[in-house]
Amino acid sequence: MNRYELRRRAVLEQMEPGSLLVLYSGEAVPQSLDECHPFEANHHFFYLTGLRRENMALVLSRSRSQDQTLLFIEEPVPAMERWTGRRVTKDEAKAISGVEDVRYIDSLPGALSRMANREVVAAAYFDCYRNAITDVDSYNMAKARAFAQAYPTVTLKNAHPLLAAMRMVKDEEEVACICEAIEATDAGLRRILATLAPGQMEYEAQAAFECAIRCRGAEGTAFATIAGSGLNGCMLHYDTNDCRMEDGTLLLLDLGAKVKGYCADITRTYPVSGRFTPRQKAIYDIVLRANRAVAQAARPGMTLKALNEICKQVLAEGLMQLGKIDAPEQIGTYYMHGVSHHLGLDTHDAITHDEEPLAPGMVITDEPGLYIDEEAIGIRIEDDLLITQDGCRVLSEQVPRTTQEIEALMAR
Ligand SMILES: [Mn+2]
């Protein structure tokens with residue numbers, strides 16, 4: 001059975017009897033005048049259909065008698081296709097998604113009306129995820145509000161927790177996609193190692209990376225590339241990348257390729273000159289110890305919070321040995337983020353909640369860092385881990401991470 005069909009079955013099984021699930025792929029968001037932001041299909045929709053184009057919808061119906069799955073797509077209009085490119089046909093949509101009943105999107109309102117009015121529908125699931133109450137409504141949220149307005153007796157339910165729980169555990173094909181994204185990211189980092197030199201601009205390192213991953217077939221970046229040298233490496237989401245890289249500073253690179261919708265998320269920190277100073281190396285090795293300690297500890301049953309405690313302990317011990325801090329509680333001065341998040345279709349992937357114990361098939365990051373403003377030293381080392389039955393596999397193990405490996409590669 002098609003993997004999307006398997007996932008839809010699992011969703012249908014969890015929906016309450018007498019309910020609908022409606023998921024839209026979305027539409028391009030205007031940027032300015034006639035230009036739109038690059039289109040990104042709703043990730044739950046993609047997860048359940050394998051389709052990533054605009055103006056599509058998936059409807060799952062769990063009535064008391066039988067389940068129904070409908071896919072709605074845009075009707076191809078040859079005159080429009082001259083401008084916008086080919087649209088997916090019904091046959092192609094069926095082949096990719098495994099949905100037998102594919103219809104045109106114009107018939108969606110009528111189909112919803114028939115289901116919600118004539119059948120006994122008590123609840124409807126929409127993707128109502130939002131990060132903050134101040135967020136602009138997503139396409140799916142706007143559709144949910146319109147549906148609730150039109151069908152006030154149908155209870156609106158959030159499909160996000162159900163789909164997030166499923167997405168947290170990756171299947172083999174998903175892990176393979178993440179590994180491909182990591183391989184492209186590795187190639188991009190090696191390109192930087194081969195070309196990095198004092199006096200270059202940070203955006204040159206960014207460009208070298210992005211050229212290398214695109215040449216390997218990656219769709220693009222998973223998120224805005226961070227290339228911060230010196231003090232810029234201490235700014236966690238620095239992405240202007242427009243400063244000159246001075247001799248003797250460190251360059252922090254937090255970046256990732258995206259392949260078939262799946263993200264890599266890797267951080268490495270390189271000496272711009274090709275050699276770490278003794279002080280930079282001392283700090284670097286503390287961060288590396290924390291990175292390795294987290295990979296050692298990651299296994300089923302652990303939580304991200306517990307991993308972060310291990311990370312903080314290793315970092316604090318290291319800084320106390322250097323006399324940088326006096327007590328473990330002071331680590332917050334130099335380390336202020338979490339050590340891990342889930343990784344998948346989203347860089348910070350969908351989760352049910354922070355305290356969910358790890359399970360085999362989950363993919364998480366391992367990213368300790370130390371940010372010492374007064375010394376202009378910002379160091380983060382980030383790997384991607386697959387949780388296995390009895391521990392974890394470091395999917396990015398091949399990406400050079402010790403100071404010796406980095407210096408040797410830069411010396412070539
Ligand atoms: Mn990360």
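A residue is called buried here when its relative accessible area is under 20%, exposed when that value is over 50%, and partly exposed in between (1.4 Å probe, protein chains only). Cys263 is a clear case to start with: its relative accessible area is 1%, so it counts as buried. The model is a predicted one, so local features need pLDDT of at least 70 and side-chain atom pairs count only at pLDDT 80 or more, while totals for chains, interfaces and linings use all residues. Residues are numbered from 1 along each chain as its sequence is written, and side-chain values use heavy atoms, with hydrogens and water left out.

On to the cysteines. A disulfide is taken as a pair of cysteine sulfur atoms within 2.5 Å, and by that rule the count comes to zero. For Cys263, the closest cysteine sulfur belongs to Cys177 and sits 11 Å away, which is too far for a bond. Cys311 has its closest cysteine sulfur in Cys392, at 14 Å, again too far for a bond. Cys311 is buried as well, with a relative accessible area of 0%.

The manganese ion gets its protein donors from Asp265 (OD), His341 (NE2), Glu367 (OE) and Glu382 (OE), at 2.1 to 2.3 Å. Donors are N, O and S atoms within 2.8 Å of the metal (3.2 Å for Na, K and Ca); water is not among the atoms, so sites may look incomplete. Along the chain, the donors of the manganese ion follow the spacing D-x75-H-x25-E-x14-E. His341 lies in the loop between helix H11 (304-321) and strand E15 (363-366), and Glu367 in the loop between E15 and strand E16 (369-372), so the pair ties together parts that are 26 residues apart in sequence. Helices (H or I, at least four residues) and strands (E, at least two) are DSSP runs, numbered from the N terminus.

Next comes strand E18 (residues 383-387). Five of its five residues are buried, so E18 is largely enclosed by the rest of the structure. Both faces are covered, with Asp383, Leu385 and Ile387 buried on one side and Asp384 and Leu386 buried on the other. Two strands count as paired if DSSP finds at least two bridges between them. E18 pairs with E15 in the antiparallel sense over four bridges, with Leu385 of E18 as the bridge partner of Ile364. E18 also pairs antiparallel with strand E19 (residues 392-394), this time over three bridges. Here Leu385 has Val394 of E19 as its bridge partner, and a hairpin joins E18 to E19 through four residues.

Elsewhere, three strands form an open sheet in the order E9-E12-E13, with antiparallel pairing. Strand E9 (220-221) and strand E13 (262-263) stand at the edges with a single partner strand each, so one side of each is left without a neighbour in the sheet. Strand E12 (residues 257-259) runs antiparallel to E13 and is joined to E13 by two bridges; Val259 has Tyr262 of E13 as its bridge partner.

Finally, Ser61 is found in strand E4 (residues 57-62). Ser61 is buried, with a relative accessible area of 4%. Contact means heavy atoms within 4.5 Å. Leaving aside neighbours within four places in sequence, Ser61 is in contact with Leu12, Ser19, Leu20, Gln66, Asp67, Gln68, Met115 and Glu119.
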